Amino acid sequence: MPVTFYWYPNCGTCKKAKRWLDDHSVGYNAVHIVEETPSEDELASIIRTSDLPARKFFNTSGKKYRELNMKEKLKNASEDDMIKWLATDGMLIKRPIVTDGECVTVGFKEDQFEQIWN
């Protein structure tokens, strides 16, 4: 079963992850995270499956994160609030996200990809 690969084609980390998936013959459905930003329900499901806190899904080095002063907003935000914000703008989401419905990786760490997607 192919995985879902949420990515932004201009992102260097996403390109590395895509190259790794291609080199290891991992089938995937690519989803442009900005043009097809995951819905609140999709994000909630991905976050629940990942066992990571919702704040780990924010692109903290992104321009949009800084413009919206998300660092301050996240301090007292509920998980629901975080999911709502993430669903409003794909540029707020840390990428790439790879999921098969049972496992989720956020960002690209080659050793993690080796362990989970190989």
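## Exercises: salt bridges, a pocket and a cis bond

K75 counts as exposed, with a relative accessibility of 52%; exposed means over 50% relative accessible area, buried under 20%, and partly exposed in between (1.4 Å probe, protein chains only). Before we go on, note that this is a predicted model, where local features need pLDDT of at least 70 and side-chain atom pairs count only at pLDDT 80 or more, while totals for chains, interfaces and linings use all residues. Residues are numbered from 1 along each chain as its sequence is written, and side-chain values use heavy atoms, with hydrogens and water left out.

**Exercise 1.** Work out which side chain meets K75 in a salt bridge, and find the other pairs.

*Solution.*
- Step 1: Start with the rule: a side-chain nitrogen of Lys or Arg has to sit within 4 Å of a carboxyl oxygen of Asp or Glu.
- Step 2: Search the whole structure, and you get three such bridges.
- Step 3: K75 pairs with E72 at 2.9 Å, N to O. E72 is partly exposed at 43%.
- Step 4: K18 and D22 make another pair, at 3.1 Å. They're four residues apart in helix α1 (residues 12-23), so about one helical turn separates them. (Helices are DSSP runs of H or I with at least four residues, strands are E runs of at least two, and both are numbered from the N terminus.) K18 is partly exposed at 25%, and so is D22, at 40%.
- Step 5: K64 and D89 meet at 3.4 Å. This pair links distant parts of the chain, 25 residues apart: K64 is in helix α3 (residues 63-67) and D89 in the loop between α5 and β3. K64 is partly exposed at 29%, whereas D89 is buried at 16%.

**Exercise 2.** Decide whether R95 is buried or exposed, and look at what surrounds it.

*Solution.*
- Step 1: Find R95 in the loop between α5 (79-88) and β3 (97-99).
- Step 2: R95 is buried and has no salt bridge; D89, the nearest side chain of opposite charge, is 7.7 Å away. (Lys and Arg count as positive, Asp and Glu as negative; His and the chain ends are left out.)
- Step 3: Skip residues up to four places away in sequence, and R95 touches several others, including Y6, Y8, C11 and N59. Contact here means heavy atoms within 4.5 Å.
- Step 4: Check the backbone: the peptide bond from R95 to P96 is cis, with omega near -5°.

**Exercise 3.** Find which strand gives the largest share of the lining of the largest pocket.

*Solution.*
- Step 1: A pocket is an open set of points on a 1 Å grid over the protein atoms alone, where a 1.4 Å probe fits, with protein on both sides within 12 Å along at least five of seven lines; lining residues have an atom within 4 Å of a point.
- Step 2: The volume is about 190 Å³.
- Step 3: The answer is β4 (residues 104-106), which gives three residues.
- Step 4: T105, one of the lining residues, is buried at 0%. Among its contacts beyond four places in sequence are P96, F113 and W117.

**Exercise 4.** Say where D51 and N69 are found, and note their phi angles.

*Solution.*
- Step 1: D51 is in the loop between α2 (40-50) and α3. Its phi is near 65°, a positive value in a residue other than glycine. D51 is exposed at 72%.
- Step 2: N69 is in the loop between α3 and α4 (70-74). Not a glycine either, N69 has a positive phi of about 55°. N69 is partly exposed at 44%.

Notes. Points joined across faces, edges and corners; volume = space filled by probe spheres on them.
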